[in-house]
Every structure is written in C-alpha cells, then in structure tokens.
Amino acid sequence: MEAILQVKGLRKFYGKLEALQGIDFEVRKGEIFALIGPNGAGKTTTLRVIATLLSPSDGEVRFNGFDLKKNPEKFRERISYLPEEAGAYRNLKGLDYLKFMARFYANSRQEVETFIQRAVSIADLGERIKEKIGTYSKGMVRKLLLGRALMTSPQLAILDEPTSGLDVINALEVREIIKKFAAGGLSVLLSSHNMLEIEFLSHRVALINKGQILDAGSPEELKAKYQASNLEEVFRRALR
Amino acid sequence: MKKFTNLLAKEIRELITFQLLISLVFMVILFYFIGQMAKSEVKRAMRKQKIAVLNFDSSPFSQELIQNLRAGNFEPVPLQAENKEDAIEQTNNSKMNLLLVIPEGFGQGIENLELKPLETYTYLRSLTLMANRNAAVFNAVLRVINNYLSNDYLAKKIPDLDPNKIKNPIKSRNFVLVKERMAEGSAEQITGFITSQSMFVPIILMMIIIYSSQMVISAIAMEKQNKTLETLLTVPIRRTSIVTAKMLGSAVVGLISAIIYMVGFRYYMAGFIGDVSAAIKSSNLGEIIKSLGLSLSPNQYLILGLSLFLAILCGLAMATILGVLAEDYRSAQSLIMPLVFLVLIPYFLSFFADFNSMSVPAKLLVYLIPFSHPFLASQNLLLGNYGSVLGGIAYMLVFFAVLIVVAARIFSTDKVLTMKLRFRRKQVVL
C-alpha cells in the first residue's frame with residue numbers, strides 16, 4: 001500500500017531535553033496508524049510536529065511528497081488535527097463554529113454547506129448544534145470537534161487521544177466514526193493510552209517510549225511476535 | 001482575503017459578548033445618572049440662597065449692603081435676636097447656612113474710617129465642592145462693595161481724580177503670541193480653555209489603548225486556555241493573518257467600547273463643567289483663539305488621528321506579544337500591567353507636567369514610550385510644531401513594524417505554544 005506520510009529520523013529538543021530521539025514510521029493510504037505509549041513517551045510531540053504546530057529539530061517528515069520544513073502550508077491544506085483536550089469557542093453556536101472552520105478549506109459556498117452537513121452528521125448533536133458551545137457537555141464538544149476534523153475529508157486525520165475524557169457510550173460512538181471514515185479511504189494517525197481501543201481501531205501500531213519507537217506492526221503481528229494476548233502485554237514485553 | 005475576513009468576523013463575534021454589552025450599557029447609565037445628579041447639585045447651588053442677617057446698625061451703609069446682597073443672588077432674612085448666640089441658633093434651626101452679623105456703628109465706622117468688622121458664620125453641613133460656595137459668593141459681594149465704597153470715598157475727597165488711578169496706578173494690556181500670530185488676551189485664559197477642550201483626547205486615547213490591548217491579550221490567553229489555539233494554528237491560513245485578525249478585531253471592539261464609554265463620560269463631565277460652547281459664546285475667547293490659529297484644521301485632525309491610530313496599533317502589537325506569554329486568562333490580566341503603566345505615564349504627565357521644561361534624559365524616556373506622542377500631538381499641532389508630531393509618527397511606525405515582525409515570528413514558531421511567563425517550574429507535554 002502507498003505511504004502518504006513518511007517520518008525519518010525525527011528529533012525534537014525542548015531546550016536540552018530530547019523529546020524525540022530519531023523516530024521512523026510511515027502511514028499508508030486508508031490505514032489507521034496508532035502511536036501507543038505511556039505519558040511523556042513523545043506521542044503528542046510527534047503529532048504536533050506532523051500537524052505543523054512544532055518545528056522538527058532534525059529529521060525528515062514528508063507528506064504526499066511535500067517536505068514539512070519547506071511546505072508546511074501544503075500539510076495544513078490536506079491534514080486535519082484534533083488535539084487532546086481541544087476546546088471550541090464557547091460563545092459560538094455549534095453550527096457557526098463548523099461554518100467558521102469550513103470556510104478555511106472550502107472553495108465555494110456549496111462546499112462550505114457540504115462540509116457542514118458532513119460534520120453535523122458526524123457530530124449527531126440534533127438541535128443542540130444550534131446552541132452555544134458553552135452549553136455543551138464534554139462529550140458533545142468532542143463529537144463536534146471530531147465532526148470538524150473529519151468534515152473536509154482530509155487525506156490524513158491526526159487524532160490525539162480522540163476518546164480522552166469520554167464516557168463509554170460516547171467513546172464507542174467516536175471509535176465507530178473513526179473506523180467508518182477510514183473505511184472510506186481516509187488515513188488516520190492517532191495516539192492513545194488505551195491499548196484496547198488501539199487494538200479495536202488500528203491497522204498498524206508503533207510502540208513509543210522515551211522518544212523512541214520500540215517496535216511497529218499490525219496488532220496481530222506484534223501479539224504473535226511477543227507471544228502476548230493483547231497490546232498491553234506486548235508493550236510490557238517490548239519494554240524489557 | 002476570504003479566510004482573513006472569516007477569521008476577523010469570528011474575532012469580533014467572540015469579543016462582543018453579552019457581558020461586554022451589559023457592562024457598557026451599565027457604565028453609560030451610571031455615568032448619565034452621576035452627571036445628572038451633579039448637574040442638579042450645581043443648579044441647586046446656583047439658586048437664590050438665604051442668608052440670615054442680624055443687623056445692629058441702622059445706617060444707610062448697612063441698608064445698602066443688604067441691598068447689594070440681593071443683587072448677588074442672596075435672599076437676606078432679617079433675624080430678631082438679642083445677641084449672636086441666639087442668631088446662630090436661629091440660623092441653624094431654620095436650616096440656613098450663612099449668617100451675617102452687622103455690628104453697631106458699622107456705618108459710622110466707615111464714615112470715620114474707624115472700621116468695625118462684619119462677622120460671618122458658615123455652617124458646613126456637607127464637605128462637597130458646592131458646600132462652600134455661599135461663603136465664596138458672599139466674599140465676592142463684599143469685594144464689590146468695598147471697591148464701591150472706597151471709590152466713593154476717594155471721589156468725595158479728591159473730586160477731580162478718577163479713584164481707579166490711585167488704587168491701580170499700573171495698567172497693563174496682555175498680548176499672546178503663537179508663532180507669528182498675535183492677539184490681545186490672557187495666556188492663562190487661553191491655555192485654560194485649550195486644556196478644557198482637549199482634556200478628552202488623552203482620556204479617549206488611554207481608554208482605547210487599554211481596552212483594545214486587554215482584549216487582544218485576553219483573546220490570545222483564552223485561545224490558549226480553551227485549547228482552541230492549537231486547532232487554529234493548523235488551519236490553512238497564514239500565521240500573520242491570525243495575528244492581524246486578532247489585533248484588528250480587538251481594535252474595532254476597543255474603539256466601539258471606548259466611544260460608548262466616552263458618550264457616558266461626556267454626560268458625567270457635562271454635569272460638572274457644563275456646556276463649554278455656551279461659555280465660549282459668552283466671551284470673546286473664540287475670536288482670540290481663532291486669530292491665534294489655535295483650532296485644529298481638518299488636515300491637523302487627520303494627523304492627530306493618524307498619531308492616535310498608530311499608538312493603538314503599537315499597544316495591540318505589544319499586547320499580542322504579552323498574550324503569547326500568558327498561560328491562561330488569569331495570568332493575562334497580570335501581564336497587561338506593564339502596558340497599562342506605559343500608557344499611564346504620558347497620560348498623567350500630559351495633565352501635570354510640561355514636556356518642554358523636562359530634563360533631556362526624562363524627555364528622552366518619555367519620547368521612547370510610543371504612547372507619549374499622541375498625547376503631545378494635539379498641542380504640538382496647535383503650536384505648529386509639525387516636526388515633533390511627524391517624528392513621533394515615524395517613530396511609532398518603526399516601533400510597530402518591529403513589534404509586528406516579532407509577533408509574527410513568535411506565531412510562526414514553536415514559541416507561540418511553548419513561551420510562557422510563569423513562576424512555577426516549566427512543564428512540557430510530550
């Protein structure tokens with residue numbers, strides 16, 4: 001399968017702290033690729049670099065042939081990023097927020113409407129979509145933001161802990177949405193602490209710890225390699 | 001451009017909250033009521049005031065004095081009392097504030113030049129500015145009577161001589177010069193009028209800069225606190241557009257807020273100082289000011305507007321940089337303080353100090369603050385010092401350009417997310 005994102009030797013320093021110590025992986029077209037690891041492993045930093053929020057200290061990130069350092073705007077046009085614990089403008093109504101975000105990507109009014117319809121369908125907030133975001137629950141905000149992230153059908157959706165802080169029902173709905181969109185040809189790069197979630201969602205997984213990739217492969221490959229029954233065990237054994 | 005207007009519209013919509021509108025309306029209503037109260041107090045003080053009079057003298061002089069009090073807007077109320085103590089008590093019981101005691105032989109004393117002093121007793125029933133007005137007016141009436149009596153006395157003694165020539169042997173005519181123009185008038189009167197006319201300029205400027213800066217600093221801090229900045233920074237729009245939209249949005253809302261604020265403030269001030277245009281109509285001050293060229297022409301207003309606008313932009317650019325340093329909304333409120341001080345320094349100096357008489361280092365320090373220039377611009381324009389005004393504009397332009405480059409640079413790098421000014425230990429999310 002064709003790789004749309006290639007990360008080679010990615011390093012990132014925060015002052016003297018080396019958060020990423022030369023990371024390599026690739027994301028293929030139509031696959032869900034997950035980064036799993038403990039807190040402080042470097043997952044968010046990796047996603048932030050690819051989302052053009054942080055500049056890499058060293059290494060290469062290429063998306064559809066474009067180099068991140070030279071063409072960050074090409075990345076922004078084609079990717080969509082959902083940060084962990086992201087918020088939305090509390091004074092805007094849900095629908096107005098979607099319209100505001102859609103206008104950055106759409107080339108016509110019709111396209112704006114198409115994006116909004118798609119987001120409304122993903123968020124599935126009913127009539128509440130017409131109310132101010134400040135009145136939403138955390139789960140509703142997350143679904144709205146997921147709708148926003150996926151409404152433009154980006155070539156790559158970067159989702160940082162997409163079900164973070166959600167209850168079981170909302171988390172299940174969000175997972176279903178992600179799976180459905182990937183089935184439509186969308187590539188997804190996500191991170192999570194939740195290994196069961198990753199196992200359910202991902203085609204391939206990279207185990208990350210202390211800024212390094214320990215191993216990568218499909219959940220089945222990794223479980224077979226480490227003779228483990230689930231990804232939690234895989235991770236524990238990979239750390240040894 | 002569409003993306004920019006989309007962002008600008010969002011910024012303005014985010015800033016114009018229900019709370020902001022409520023606070024602005026409340027402020028206007030509050031100022032209006034305070035102004036109205038002050039106005040009614042002033043009116044009350046200007047009404048005919050009662051003055052209790054205990055007259056132990058029956059000469060024509062004392063009668064004339066009482067008549068003159070009527071001309072001075074007093075209503076003399078004769079008291080029937082045996083002594084001063086009773087008169088004081090009666091004055092208090094009848095809620096009058098002023099008592100005049102004319103001693104026995106007052107008129108005779110004037111004729112013989114053996115003066116017997118009048119006594120006045122003033123009740124201080126409140127400590128407001130208007131409370132003491134009666135006594136001041138009374139003293140003014142006495143001054144007029146004194147002048148009249150002394151003129152009368154001198155005219156009787158030296159019939160062929162104008163008494164004023166003896167009392168005021170030195171006459172003066174005052175002229176004021178501004179550049180090459182000259183007019184007869186008092187410099188004190190003219191500067192007093194100009195100050196009263198331009199006192200709103202520094203207040204407006206201070207309000208707009210502080211309002212807009214607070215908005216931009218809060219807007220950035222709120223984006224950080226609500227975790228919306230990260231999303232915004234990944235959408236396909238130039239980072240400079242994000243910075244500019246935030247600044248422009250805040251400037252627009254700040255300007256509207258300041259105008260509304262000033263409408264309220266005008267009501268408030270009108271209560272105290274009254275209608276200035278009515279005052280100028282009643283004197284020849286307007287003619288003097290016109291002949292001295294001390295009124296701004298449309299072009300000068302344009303230059304003043306440009307100076308004000310650049311000062312606002314400088315404030316917004318500084319606030320943008322400070323906003324990046326803020327961790328959340330609360331810390332943003334503390335970070336605005338340095339900027340507020342930079343505005344307050346020239347603001348207070350414009351009221352209390354003369355920039356021209358300052359020492360060179362102090363002057364340099366004041367000129368380095370970009371906000372000083374519009375504070376100085378109106379008087380420099382009136383006095384024809386275009387060099388200072390245009391120099392200030394050029395300085396603010398350079399200052400703004402440098403700040404905007406710094407702000408855009410910060411927004412284009414990791415610093416927009418990693419730069420923080422805090423006293424706790426720095427944490428990095430990996």
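Me: What radius of gyration would a compact globule with 240 residues have, and what does chain A have?

Reply: Bear in mind that this is a predicted model. For 240 residues, a compact globule would come out near 18 Å, and chain A has 18 Å, so the two agree. Along its principal axes, the C-alpha trace of chain A spans about 50 × 40 × 35 Å.

Me: Okay, and how many helices and strands does chain A have?

Reply: Chain A has nine helices and ten strands. Look at the contacts too: among those in chain A with a separation of 6 or more, 66% join residues 24 or more positions apart.

Me: What share of chain A counts as buried?

Reply: You count the C-beta atoms around each residue; 20 or more others within 10 Å makes it buried. On that basis, 47% of the 240 residues of chain A are buried.

Me: Which residues touch the most other members of the largest nonpolar core?

Reply: That core has 141 residues, and the ones to click on are A:Ile158, A:Leu189, B:Ile217, B:Cys314 and B:Ala317. Take B:Cys314: beyond its neighbours within four places in sequence, B:Cys314 contacts B:Pro370, B:Met396, B:Phe399, B:Phe400 and B:Leu403. There's also a second, separate core of 15 residues, with B:Ile51, B:Leu65, B:Leu69 and B:Phe138 among them.

Me: Which domains does the assignment give for chain B?

Reply: Domain 1 comes in two pieces, 2-38 + 185-418, while domain 2 covers 48-171. To see how they're placed, compare C-alpha centres: those of domain 1 and domain 2 of chain B lie 52 Å apart.

Definitions and conventions
Residues are numbered from 1 along each chain as its sequence is written. Chains are lettered from A and ligands numbered from 1 in the order in which they are written. This is a predicted model: local features need pLDDT of at least 70, side-chain atom pairs count only at pLDDT 80 or more; totals for chains, interfaces and linings use all residues. Helices (H or I, at least four residues) and strands (E, at least two) are DSSP runs, numbered from the N terminus. The radius of gyration is taken over C-alpha atoms; the globule rule is 2.2 Å times the number of residues to the power 0.38. A residue is buried if 20 or more other C-beta atoms lie within 10 Å of its own, exposed if 12 or fewer, and partly exposed in between; C-beta atoms are placed from the backbone. Two residues are in contact if their C-beta atoms, placed from the backbone, lie within 7 Å. A nonpolar core is a set of buried Ala, Val, Leu, Ile, Met, Phe, Trp, Tyr and Cys residues joined through C-beta atoms within 7 Å. Domain bounds come from an automatic or database domain assignment.
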